Amino acid sequence: MKLSGWGRYPVLEARVHAPRSVEALQALVRSEPSVIARGNGRAYGDSAINPAATLDMRHLDRMIAFDAGTGQVVAEAGVLLGDVIASFLPRGWFPMVTPGTKFVTLGGAIAADVHGKNHHRDGSFRECVDWIDLIGAEGEIRRCSREQNRALFEHTIGGMGLTGIIARAAIRLRPVESGWIRQTTIPAPNLRAAIATFEESQDATYSVAWIDCLGRGETLGRSLVMLGEHATRADLSPVQARRPFETGAKRKRSVPFDFPSFTLNRLSVTAFNKLYYWQGARKAGVEIVDWDSYFYPLDAILGWNRIYGRKGFAQFQCVLPLAEAERGLSALLEEIAETGAGSFLAVLKRFGAQESPFSFPMEGYTLALDFPITRKTLALMERLDQITIDFGGRFYLAKDSRMTAATFRASEPRLRDFRTQLDAQGAARHFRSAQSERLEI
Amino acid sequence: MTQPPVLILGARSDIAKATARAFAAQGHPIQLAARNAETLAAEKTDLETRYGVAVTLHEFDALETTRHEAFLSALPELPRIAICAVGHMGEQEENERDTAAAIRVMRSNYEGPASILALLANRFDERGSGTLVGISSVAGERGRATNYVYGSAKAGFTAFLSGLRNRLAKRGVHVVTVLPGFVATQMTEGMDLPEKLTAHPSEVADAIVKAVARRRDVIYVRPIWRLIMTIIRAIPERIFKGMRI
Ligand SMILES: Cc1cc2nc3c(=O)[nH]c(=O)nc-3n(C[C@H](O)[C@H](O)[C@H](O)COP(=O)(O)OP(=O)(O)OC[C@H]3O[C@@H](n4cnc5c(N)ncnc54)[C@H](O)[C@@H]3O)c2cc1C
Ligand SMILES: NC(=O)c1ccc[n+]([C@@H]2O[C@H](COP(=O)([O-])OP(=O)(O)OC[C@H]3O[C@@H](n4cnc5c(N)ncnc54)[C@H](OP(=O)(O)O)[C@@H]3O)[C@@H](O)[C@H]2O)c1
């Protein structure tokens, strides 16, 4: 069948198997010459596609245990983060780390070592993983943790499915007093101000900025910095405090058809960005918002990836080391403004320190933007790649759909060691994705 | 507030599993009944972990009708809501050649489900409350060359549910007929189904929960199917017999 990631680009023909038990999964790993796991397909590009055999994990979605003392959940890898929240938020627990959509599987969150708005304080998803059960090339299952099969554990988290298939995992949740978030919005007139705000807000649990990509000169990088804290009972109104975990169900909207791509011309994006900036600036200050709107605003619009039309879209996401961040970000934003391809979503985030074999985060700033796929934006993204490399940055594989192997190699001094690990475990030829082939991982 | 138990017959079906989750999410204790019930241990643990409800497993074969009374008597409690997802499509071609295979399809979709719901109906009637949910199919709305053995058994089941509803309407017992269109499940895996007409099992589950709460009689999961079936039923037989549909 035809498969693509969230960006609907590229679209590849692939054979898909959807096993209903771990045993059936093991048998497939044994019988197929090469495979890749697929979670909920929220990675943007081709990382969860193997044309020969893609193993859809979504039927393996059973929870196995919960420890109300430690907040540890044990579950099969196809369980969605949203299901974890649905089950355990009412009991006072929330994921330690969450990406900007709750429609990811635990397997996908671990394989991409996803980050949230709290990376500067709490690190990446890896921090909440206690152990994983990994299926290797022979179909055998190995328990991997910080104590057991440590190298395999470290390389699997952030390993993009290339070390094997995660069958089950144990992750720890954080206790929260409510399902509400106390959000503070701080407008920043330009990039320097935004960075200063981030640096002053290191104590905030969550921080993220939305950037208006069309700002130029003095307004280059003007943005809204949004800080968040889990609301305590004292932060809530009496009505909210009575049932602190009931934030009310949201109405789901969906995008019913493919938008024609011309609706995304420069003008409409300019208007969108302006509106966003002024609306945010107007109600700057403190608000109490529910967890779903705060963490997952886009989840309320099912299938929003269709607004970019049939050709699909790509996301560019890089991280720049702290020392070079301001200069590098300026260069990136100038290049984008120059091209006039400002996108709906430009997100800036401060990362804390992280040492890991193949995960994306490093201490510094990460910038993420969506572009509709056109010849112009593809060329722009190649220029952004080069700027990133020039400033010592690297790229997020969960978002990539178009980089070249040479670009990737230039950005990844860790590639050799990662390959050595794959070879040592006999995984290199067995677990492959269209992305790993393209990037020659 | 403690919720009353829900019995799911044919609990290994994808639609059944999704329905069990939807009721468990509302706090209902769940009774899962299926052949080889012990293989549903992971589903039991899943429901208990997710929703903190009590779950019990029960051996049940819809075709062993002589054991149905004993099966019901062995349940920890007479359920308030019972949902039958038992069904078997078989291969039309095989059903044409092999009478035994065809009879199996007929019995699995009509005789077995009707038998167990009949016994439940009597117990609910006696108690004066309860809801029965039968998962039938739009295939039962009109016989078609490609699946009329399955379709005819579903037609029988649909008629049975309608009669049961009529009989029990004044007795406090409600009957819901579910006519899902295409659903992406084990039964249809590998078939090339049109995306817009194909529901996810959780959609069927949510529709069932809603239908039970609102005492709906007959539901099609995606509304478009009501229209499609109205049209298909309206085609004169003279024309219909020549169509490939
Ligand atoms: C709207 C939106 C917002 C996002 N925001 C963020 C964000 O804020 N931070 C962030 O870090 N990411 C973000 N992402 C990216 C997303 O979190 C990751 O791509 C995540 O990996 C998707 O999980 P999935 O289950 O859909 O996996 P898929 O997309 O199906 O797969 C992703 C990778 O994981 C591997 N994989 C999946 N399951 C397994 C398994 N069981 N065993 C081994 N490997 C496996 C696949 O092989 C593939 O390499 C966002 C994506 C979207 C669409
Ligand atoms: N999928 C669709 O497009 C679709 C459309 C309309 C209606 N339906 C109906 O929806 C219901 C659920 O089907 P599904 O799609 O979820 O497919 P499914 O997974 O194949 O479910 C059918 C279930 O019926 C059970 N069953 C069959 N014979 C049985 C018997 N003698 N005793 C006990 N259990 C028996 C099977 O149990 P085992 O696991 O033990 O075999 C299986 O779990 C069925 O009635 C089906 O006809 C489905």
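**Around ligand 1 in chain A**

Start with residues 9-176 of chain A: over that stretch the chain is 21% helix and 27% strand, and its end C-alpha atoms sit 38 Å apart. Keep in mind that this is a predicted model. The stretch has a label, too: an unreviewed UniProt entry annotates residues 9-176 of chain A as "domain: FAD-binding PCMH-type".

Now look at the ligand. Ligand 1 is surrounded by 34 residues, and the closest are Ala37(A), Arg42(A), Ala43(A), Thr105(A) and Tyr396(A).

What about polar contacts? Thr105(A) uses its side chain: an N or O atom there is 2.7 Å from an oxygen atom of ligand 1. A polar backbone atom of Asn40(A) lies 3.0 Å from a ligand 1 oxygen, and for a polar backbone atom of Ser47(A) the distance to an oxygen of the ligand is 3.2 Å.

How much of the ligand's accessible area does the protein cover? On its own, ligand 1 has 960 Å² of accessible area, and the protein covers 95% of that. The elements of chain A that give two or more residues to this shell are strand E4 (36-38), helix H3 (106-111) and strand E11 (165-175).

Finally, zoom out to the domains. Where does ligand 1 lie relative to domain 1 (59-177) and domain 2 (180-404) of chain A? Both domains give residues to the shell, so the ligand lies between them.

Technical notes: Residues numbered from 1 in each chain as written. Chains lettered and ligands numbered in written order. Predicted model: local features only at pLDDT ≥ 70, side-chain atom pairs only at ≥ 80, totals over all residues. Heavy atoms only, no water. Near = heavy atom within 4 Å. Polar contact = N/O pair within 3.5 Å; in protein donor to acceptor, adjacent residues only side chain to side chain. Areas by Shrake-Rupley, 256 points an atom, 1.4 Å probe, with all protein chains shown as cover. Helix = DSSP H or I, 4+ residues; strand = E, 2+ residues; numbered from the N terminus. Domains from an automatic or database assignment. UniProt positions renumbered as here; feature names shortened; annotations may be inferred.
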